[in-house]
Amino acid sequence: MKISIIAVGKLKEKYLKQGIEEYLKRLSTYAKVDITEVADEKAPENMSEAEMQEVKRKEGERILSKVGQDTYVVTLEINGKMLTSEQLAAKMDELATYGKSKIAFVIGGSLGISEAVQKRSDLALSFSKLTFPHQMMRLILLEQVYRGFRIMRGEPYHK
């Protein structure tokens, strides 16, 4: 299975980078996982709705340029479907079983994701109704993907 995480913006925090590196190392026995960063648009504090849509549109174009035709796209959205860890594992297992071995998880920028990316999405996934920093979501996502592989393989994991 090939898993891509496409994220808007650069990761600067050392502690998040260390956690991400740890989960990438753990995941290497289960799948090929890569993280692609696309540039974020400069977004001043007070923007009009039209300016916000334009920022999301530009970021969305960058995201979509990294998504292959045969890739199953999972967008992380606050209003997406909430799954348990077991349900996410079952979904990943189902995709692998039915030949969808390329999965891209998309983490948008601070304003969210564009309508075009939402339309390309095969599954809108929410981790919580809470808002998390999009940089931190990379680490949380990787942990859940790792947990999913452990569940699929019947290996022990912390409950």
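This dialogue looks at the overall fold of a predicted model and then at one of its helices.

Reader: Which secondary structure elements does the protein have, and in what order do they run from the N terminus?

Author: The secondary structure comes to five helices and five strands, and from the N terminus on the elements run β-α-β-α-β-α-β-α-β-α. Among contacts between residues at least 6 apart in sequence, 86% join residues at least 24 apart.

Reader: What radius of gyration would a compact globule of 159 residues have, and what does the protein have?

Author: A compact globule with 159 residues would have a radius of gyration near 15 Å, and the protein has 16 Å, which agrees. The C-alpha atoms fill a box of roughly 50 × 35 × 25 Å along the principal axes, while buried residues make up 43% of the 159 residues. The protein exposes about 9100 Å², of which carbon and sulfur atoms supply 51%.

Reader: How should I read the burial pattern of a helix, and which residues of helix 2 are buried?

Author: In general, an α-helix has 3.6 residues a turn, so residues three or four places apart point the same way. In helix 2, the buried residues are Val55, Lys56, Glu59, Gly60 and Ile63. Seen down the axis of helix 2, these residues fall within an arc of 135 degrees, so they line one face of the helix.

Reader: What covers the buried residues of helix 2?

Author: The cover includes strand 1 (2-8), strand 2 (32-38), strand 4 (102-107) and helix 4 (115-120).

Reader: What span should the 16 residues of helix 2 have, and how far apart are its end C-alpha atoms?

Author: At 1.5 Å a residue, helix 2 (residues 49-64) should span 22 Å, and its end C-alpha atoms are 22 Å apart, which agrees.

Key:
Residues numbered from 1 in each chain as written. Predicted model: local features only at pLDDT ≥ 70, side-chain atom pairs only at ≥ 80, totals over all residues. Heavy atoms only, no water. Helix = DSSP H or I, 4+ residues; strand = E, 2+ residues; numbered from the N terminus. Expected span 1.5 Å × (residues − 1). Buried < 20%, exposed > 50% of the residue type's maximum accessible area, 1.4 Å probe, protein only. Arc of directions from axis to C-beta. Contact = heavy atoms within 4.5 Å. Rg over C-alpha atoms; globule rule 2.2 N^0.38 Å. Areas by Shrake-Rupley, 256 points an atom, 1.4 Å probe, with all protein chains shown as cover.
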